[in-house]
Amino acid sequence: MNTPRPPLLTLDEALPALLARARPGLATESVSTFEADGRVLAQDLVAELQVPPQDNSSMDGYALRCVDVGSAHAVLRVTQRIPAGSHGVPLRAGEAARIFTGAPIPPGADAVVMQEDTQALAQGQVQVNTSPIPGQWIRRSGEDITRGSTVLQAGTRLGPAELGLAASLGLDRLPVSVRPRVALFSTGDELVMPGTVAPANMPPGAIYNSNRFFLRTLLHRMGCAVSDLGIVPDRREATVQALAEAAQGHDLILTSGGVSVGEEDHIKPAVEALGELHLWSLAIKPGKPFALGSIRRTSATDSAHFMGLPGNPVSSYITFLLLVRPFLLRLQGATHVEPVRQPMRADFDLGKPDRRREFLRARRNAQGGLDLFPNQSSGVLTSVAWADGVIDHPAGATIRQGDQVQFIAFSDWLS
Ligand code: AMP
Ligand code: MG
């Protein structure tokens with residue numbers, strides 16, 4: 001019996017529905033600040049101190065009182081020496097303090113004169129060859145961070161700068177979302193693992209499993225703990241069994257291939273047998289056969305999330321970035337899950353409009369425009385390696401050379 005085909009969902013319909021299912025998200029844990037790169041902050045970080053903690057010198061030179069100098073060539077007595085890590089004593093009239101970058105300004109001083117504008121004299125004196133302005137070469141306490149301010153908000157994805165910032169607040173551990181536990185499967189009887197059969201000996205009809213390599217890498221970049229469960233044969237029972245087992249210890253099961261409606265596509269019926277299919281088939285190109293569902297856990301009342309990606313490598317890659325990435329980030333509590341789309345100039349024509357929204361592999365050229373990879377077929381993984389991003393191109397439209405298009409850079413998307 002043929003079930004009627006549901007109308008294709010648009011990406012704008014699917015994405016909010018998918019993100020809603022990523023709530024409630026994961027538990028939180030405390031990790032070393034050193035280990036927190038790529039993780040999502042679970043609580044606001046509020047500063048318990050000022051950064052910098054005191055007014056300090058931004059130059060090697062002399063701290064002094066501007067009133068003692070007036071016009072240039074004043075001579076002052078150098079009564080103290082303040083290297084970084086120490087602190088001085090109050091400065092009196094007619095005195096200067098030898099000071100170094102980062103050292104606290106002594107009480108009473110209101111400016112620093114850099115050593116290049118001075119001349120050291122005999123008997124501990126210094127001649128100042130410039131007229132200082134109050135405040136010069138002084139970095140103010142709290143100039144970077146004021147006590148009580150929220151420095152990083154919950155939902156921020158942590159990178160090198162954020163880790164440094166957290167450390168400047170004295171934090172050696174950070175509260176983050178736990179890593180999503182993801183089970184990864186490839187489906188397809190034609191798949192052969194690189195290393196098991198030499199290229200010269202590949203049997204007819206066999207291809208190497210490429211999806212497994214980039215999906216695993218992409219999952220790691222999203223901060224996931226990955227269980228790579230290998231290749232599932234194109235059989236209904238094997239598919240059901242693999243999915244049922246994977247549901248136990250994982251937050252998400254991710255598969256590639258077998259998600260269309262062919263007789264050898266077992267993913268959809270297997271998910272329906274074990275749980276629920278929430279959405280299936282999107283109006284995007286590449287990537288139409290995409291499935292979102294959930295699979296019940298036998299021992300519990302809850303279920304694991306399920307996402308089925310198309311088998312064609314480009315479709316798999318692009319649907320990961322469009323759908324799996326935001327889902328995994330939101331599951332970890334991330335606020336920003338969408339990449340920036342920037343307007344750019346197309347330096348090519350695209351004559352044939354498509355009924356689906358397209359994600360065209362393109363590369364920035366030296367003239368500030370975009371070139372298109374000539375073969376946009378969903379099996380041509382070369383297009384993704386060649387490109388440095390995709391054009392988000394609306395359904396039913398053509399492109400004329402010089403038109404403005406919306407570009408998503410892979411550098412943004414893969415970080
Ligand atoms: P499917 O979605 O299973 O119908 O597969 C669509 C196309 O993608 C077929 O040509 C498959 O051979 C190919 N394909 C499926 N899985 C993979 C994989 N893991 N690596 C490379 N190609 C694949
Ligand atoms: Mg297949």
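Predicted model: local features only at pLDDT ≥ 70, side-chain atom pairs only at ≥ 80, totals over all residues.
Before I start, one term: a residue is called buried when its relative accessible area is under 20%, exposed when it is over 50%, and partly exposed in between.

First, the chain as a whole. There are 9 helices and 26 strands. The radius of gyration is 30 Å, whereas the globule rule gives 22 Å for 415 residues, so the chain is more spread out than a compact globule. Along the principal axes, the C-alpha atoms fill a box of roughly 100 × 55 × 45 Å. Of the 415 residues, 48% count as buried. If we take contacts between residues at least 6 apart in sequence, 69% of them join residues at least 24 apart. The exposed surface comes to about 19,800 Å², and carbon and sulfur atoms supply 51% of that.

Now the charges. I count 38 positive and 41 negative side chains, and the centres of the two sets lie 1 Å apart. The structure holds 18 salt bridges. I will go through three of them.

Start with lysine 268 and glutamate 272. Their closest N and O atoms are 4.0 Å apart, and they form a salt bridge. Both sit in helix H6, residues 267-274, and because they are 4 residues apart, about one helical turn separates them. Is lysine 268 buried or exposed? Lysine 268 has a relative accessible area of 18%, so it is buried. Glutamate 272, at 42%, is partly exposed.

Next, aspartate 354 and lysine 285. This salt bridge has its closest N and O atoms 2.9 Å apart. Aspartate 354 is in the loop between strands E22 (342-346) and E23, and lysine 285 is in strand E19 (residues 284-285), so the pair ties together parts that are 69 residues apart in sequence. Aspartate 354 counts as buried at 15% relative accessibility, and lysine 285 counts as partly exposed at 26%.

Last pair: arginine 357 and aspartate 12. Their side chains meet in a salt bridge at 3.3 Å, N to O. Aspartate 12 counts as exposed, at 56%.

Salt bridges with shared partners join Asp12, Glu338, Arg341, Arg357 and Asp392. That is where I will stop.

Technical notes
Residues numbered from 1 in each chain as written. Chains lettered and ligands numbered in written order. Heavy atoms only, no water. Helix = DSSP H or I, 4+ residues; strand = E, 2+ residues; numbered from the N terminus. Rg over C-alpha atoms; globule rule 2.2 N^0.38 Å. Buried < 20%, exposed > 50% of the residue type's maximum accessible area, 1.4 Å probe, protein only. Contact = heavy atoms within 4.5 Å. Areas by Shrake-Rupley, 256 points an atom, 1.4 Å probe, with all protein chains shown as cover. Lys, Arg positive; Asp, Glu negative; His and termini not counted. Charge placed at Lys NZ, Arg CZ, Asp CG, Glu CD.
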